[in-house]
Amino acid sequence: MKAAVFKGLGQGLSVEDVPRPEPGPGEVVIKVEACGVCGSDLHATDEGVFLQEPGTILGHEFAGEVVDSRHGDVAIGDRVTVVPVNPCGKCRECREGYTMLCAQNRITGLSGQAVPGAYAEYVKAPARYVVPLPDGVDYEEGAMVEPLAVGLHAVGKAGIAIGDRVLVIGAGPIGLSVAAFARMAGAGAVVVSERAPARLSAAREFGATAVIDAAATADVGAAFAEIAGGPPDVIFDCVGVPGMIRSCVDMSRARGTIVVVGVCMKEDTQVPLSAILKELKIQYVLGYQEQDFARVLAVLRSGRLKPAPMVTDRVALEALPEAFERLRQPGSQIKLMILPNAPEG
């Protein structure tokens, strides 16, 4: 089969012929119909703690058709997405559904050659974490369930009250997901701050009641207060750069909540007293719980959320290496979707 293989730091991806996976007991093989490119995938090919070993096949946001199964509950022909985890299944985190936090978890596509991902025509997965796609939810929507679940989980940890004023910093796929679910949770004002024009425009399609062009605004906090009638009750950092948490502390109201969703890969500093004087709650989040996938699919099936506008670019597997590198200096892109088995042309 064809797969896009990470060749090493500074070398990018290479589309190559690799062996098609074979399922072991309790496993399935899925023909990949759609796979999203995540910001974590870019981190995985850059110097830092996420850097993957040469030979890694990335890809943890995917959906497709089961073509081989060694488990009675999953049938050949099933349309599915997958919770991309490979945990121990025994620890407290696993028992409580927080498999992403299992100390032994290996994320599909982000665990070196041990667990190849879905930048490929086929991918193997544990049947335990296969999630059927309802009728009316297509493969691209199925591949969006994973990032949408991240947003849903973050909003769930925020404790949003009816009528709360919410600031979302960053309008990538996660920020847009957060905006959409914050509005569903009852937020009165959902204001999205972003620098990229295309993402600012998309924010209004995902629940934003107003947007702030951060590239043209000297004081985002003051702009928010003018729009929403006061400082934020809840702030979501969906960017993850040094200094952002400190900025969120400055913008928050007393006894407000800051939810850190963006992954900052560099050392950061802040003065704890600034947060102490406001008695702030700072909540860090990672991934999702297993049941978040089912909750997202229920929302998609209901039609209350349509993620298609997030997908700005689609490529065949052969075109992925070039498109992947373009994401390092993004322009109008929001979500790049790979279609590994799309007909030629």
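Predicted model: local features only at pLDDT ≥ 70, side-chain atom pairs only at ≥ 80, totals over all residues.

Student: Is G287 buried or exposed, then?

Tutor: G287 counts as buried, because its relative accessibility is 13%. You'll find G287 in the loop between strand 13 (281-284) and helix 9 (291-302). Helices (H or I, at least four residues) and strands (E, at least two) are DSSP runs, numbered from the N terminus.

Student: Which residues is G287 in contact with?

Tutor: Contact means heavy atoms within 4.5 Å. Leaving aside neighbours within four places in sequence, G287 touches M100, A149, V150 and H153.

Student: And how does R165 count?

Tutor: R165 has 22% relative accessibility, so R165 counts as partly exposed. R165 sits in strand 8 (residues 165-169). Outside the four places either way in sequence, the contacts of R165 include A189, F224 and D233. Its C-alpha atom is 5.9 Å from that of G188, 23 residues apart along the chain.

Student: How do I read strand pairing?

Tutor: Two strands pair if DSSP finds at least two bridges between them. Here strand 4 (residues 61-69) and strand 5 (residues 79-82) run antiparallel, with 3 bridges, and A63 has T81 as its bridge partner in strand 5. Strand 5 also pairs with strand 7 (residues 130-132), again antiparallel over 3 bridges. There, V80 is opposite P132 of strand 7.

Student: What about the protein as a whole: how many helices and strands does it have?

Tutor: There are 10 helices and 15 strands. Of the 345 residues, 54% count as buried. As for contacts between residues at least 6 apart in sequence, 68% join residues at least 24 apart.

Student: What does the radius of gyration say about the protein?

Tutor: The radius is taken over C-alpha atoms, and the globule rule is 2.2 Å times the number of residues to the power 0.38. With 345 residues, a compact globule would come out near 20 Å, and the protein has 20 Å, so the two agree. Along the principal axes, the C-alpha atoms fill a box of roughly 55 × 40 × 35 Å.

How values were computed. Residues numbered from 1 in each chain as written. Heavy atoms only, no water. Buried < 20%, exposed > 50% of the residue type's maximum accessible area, 1.4 Å probe, protein only.
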